[in-house]
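Subject: Structure for you to look at

Hello,

Here is the structure I promised to pass on. Please open it first, then read my notes alongside it.

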Amino acid sequence: MTFKPLPPSVTSADLNLGDAFVTTRVDAVVNWGRRNSLWPFPFGTACCGIEFMGVVSSMYDVSRFGAELVRFSPRQADLLIIAGTITYKMAPVLQRIYDQMCEPKWVLSVGACATSGGFYDCYCTVPGMDEIVPVDMYVAGCPPRPEAFLEAIVSLQKKIDRESMAEQKMVGA
Amino acid sequence: MSSHAAAAYPAIKPGLSKDVLAEALIARFGLVRDARDAWDLTLLAPRERLIEVVTALRDDAAWQFDTLIDLAGIDYLSYPGHDGPRFGVIYLFKSTVFNHRVKIKILLEEDDVAVPTLTGLYKIADWMEREVFDQIGVTFTGHPNPKRLLNHHEFVGHPLRKDYPCQKRQKLSMNDPLIDQMEARLASFGYTVLDRGEAQIAAGITVKGEGSVK
């Protein structure tokens with residue numbers, strides 16, 4: 001079958017396609033897909049990791065927000081959830097996992113320890129994950145309630161909605 | 001069984017009070033009881049006698065301190081009322097036969113913080129001594145693997161010393177491969193390391209940890 005261009009006099013109305021297609025922006029479609037199918041990689045090192053299990057399971061059910069498919073390979077995930085205390089000895093491991101994740105990727109810092117070091121104001125604890133990797137959302141709490149966790153997911157979805165492929169910058173590029 | 005101890009102290013039986021036990025131990029070993037420890041039984045020992053005393057405590061039928069429960073280092077810098085040597089090491093032993101506990105304390109001057117290792121007597125002392133070395137800076141002569149245990153390998157100083165600024169953080173640039181201990185463990189099961197991946201690394205292939213074991 002050969003493709004023949006329509007003469008310029010023919011408009012879409014003449015084709016009578018009805019609602020067979022919609023017009024939109026690429027950003028809107030891509031962001032819609034990205035925000036509703038986040039694939040989390042849980043980096044749970046302390047009690048916030050236990051809280052994450054509650055968020056994922058049926059009681060709070062993060063799958064209502066499309067982020068239920070937990071992956072334990074950074075290559076298959078696009079949302080790094082840092083849930084717990086990170087020591088300097090652990091930091092290079094976390095950094096490497098972040099580096100292994102494919103673009104686009106987002107980072108959720110869950111709880112007081114990941115956000116600021118928490119009450120571990122000492123020689124061995126990283127005082128906030130943003131020293132190691134760029135963080136998109138912080139969740140307060142020690143550990144946070146699942147509601148706070150879910151609010152962070154929703155806030156992150158809103159943030160993803162504002163992103164633009166045209167303006168996207170590679171991290172570390 | 002040392003006939004000496006058993007013959008001299010036939011009255012050693014389970015559940016002695018700490019004072020009775022202290023009397024017997026002091027009579028046997030000629031050590032001094034630490035007056036500062038009012039709750040428990042702590043004996044002060046010179047470093048030179050550590051191995052001899054601990055061997056006797058473990059092996060003599062009269063004592064049978066078969067468990068090393070804990071091992072701690074102390075930094076007495078700015079400790080109220082302390083005017084002795086700066087560092088201390090405390091060994092806590094328990095006899096599961098008699099249900100007795102005793103602590104042995106060794107005081108160390110700042111310029112000579114070395115004690116003989118107990119890894120030959122108690123296997124558990126391995127990691128305990130590594131922790132005390134890591135955090136306090138006491139060295140254990142004869143230790144089979146005198147590396148840091150908790151802090152990373154680029155850490156400088158000993159964080160639980162009182163003159164270490166406790167908020168001084170030290171970044172780690174590359175994680176600590178523990179493959180040497182893994183290889184020792186595999187060797188204890190009878191495995192031999194054939195290849196650590198040096199050929200790939202030399203050829204510029206940067207995938208690490210791809211060695212083979214048989």
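**What I found**

In chain A, β1(A), α3(A) and β2(A) make a left-handed β-α-β unit. Helices (H or I, at least four residues) and strands (E, at least two) are DSSP runs, numbered from the N terminus. A crossover counts as right-handed if, with the strands pointing away from the viewer, the path from the first strand over the helix to the second runs clockwise. The crossover from β2(A) through α4(A) to β3(A) is right-handed.

Some ground rules. This is a predicted model, where local features need pLDDT of at least 70 and side-chain atom pairs count only at pLDDT 80 or more, while totals for chains, interfaces and linings use all residues. Residues are numbered from 1 along each chain as its sequence is written, and chains are lettered from A and ligands numbered from 1 in the order in which they are written.

**The sheet of chain A**

Four strands form an open sheet in the order β1-β2-β3-β4 (chain A), with parallel pairing. Two strands pair if DSSP finds at least two bridges between them. The edge strands are β1 (40–44) and β4 (137–139) of chain A, and each pairs on one side only. Neighbouring strands are turned by 15 degrees against each other on average, direction ignored. Angles run from 0 to 180 degrees between N-to-C directions, and axes are lines fitted to C-alpha atoms, for helices over the stretch in contact.

Helix α6 (residues 146–161) of chain A packs on this sheet. The helix touches β3 (106–110) and β4 of chain A, and its direction makes about 170 degrees with that of β4(A). Contact means that the C-beta atoms of two residues, placed from the backbone, lie within 7 Å.

Now take β2(A), residues 79–83. This strand pairs with β1(A) over 5 bridges, in the parallel sense. A:F41 has A:L80 as its bridge partner, and A:F43 stands opposite A:I82. β2(A) and β3(A) also pair in the parallel sense over 5 bridges. There, A:L79 stands opposite A:W106.

Is β2(A) enclosed or open? 5 of its 5 residues are buried, so β2(A) is largely enclosed by the rest of the structure. A residue is buried if 20 or more other C-beta atoms lie within 10 Å of its own, exposed if 12 or fewer, and partly exposed in between; C-beta atoms are placed from the backbone. A:L79, A:I81 and A:A83 point one way from the strand, and A:L80 and A:I82 the other way.

**The cores**

A nonpolar core is a set of buried Ala, Val, Leu, Ile, Met, Phe, Trp, Tyr and Cys residues joined through C-beta atoms within 7 Å. The largest has 41 residues. A:L79, A:L80, A:I81, A:I82, A:L94, A:L108 and A:V110 touch the most other members. Apart from this core lies another, of 30 residues, among them B:W63, B:I74, B:V89 and B:V115.

**Chain B**

Chain B has 6 helices and 9 strands. Buried residues make up 23% of its 214 residues. 5 strands form an open sheet in the order β1-β2-β5-β4-β3 (chain B), with mixed pairing. β1 (32–33) and β3 (67–75) of chain B stand at the edges with a single partner strand each, so one side of each is left without a neighbour in the sheet. Helix α4 (residues 125–135) of chain B lies across β3 and β4 (87–95) of chain B, at about 5 degrees to β3(B).

**Where the chains meet**

The contact takes 13 residues from chain B and 9 residues from chain A.

Best wishes
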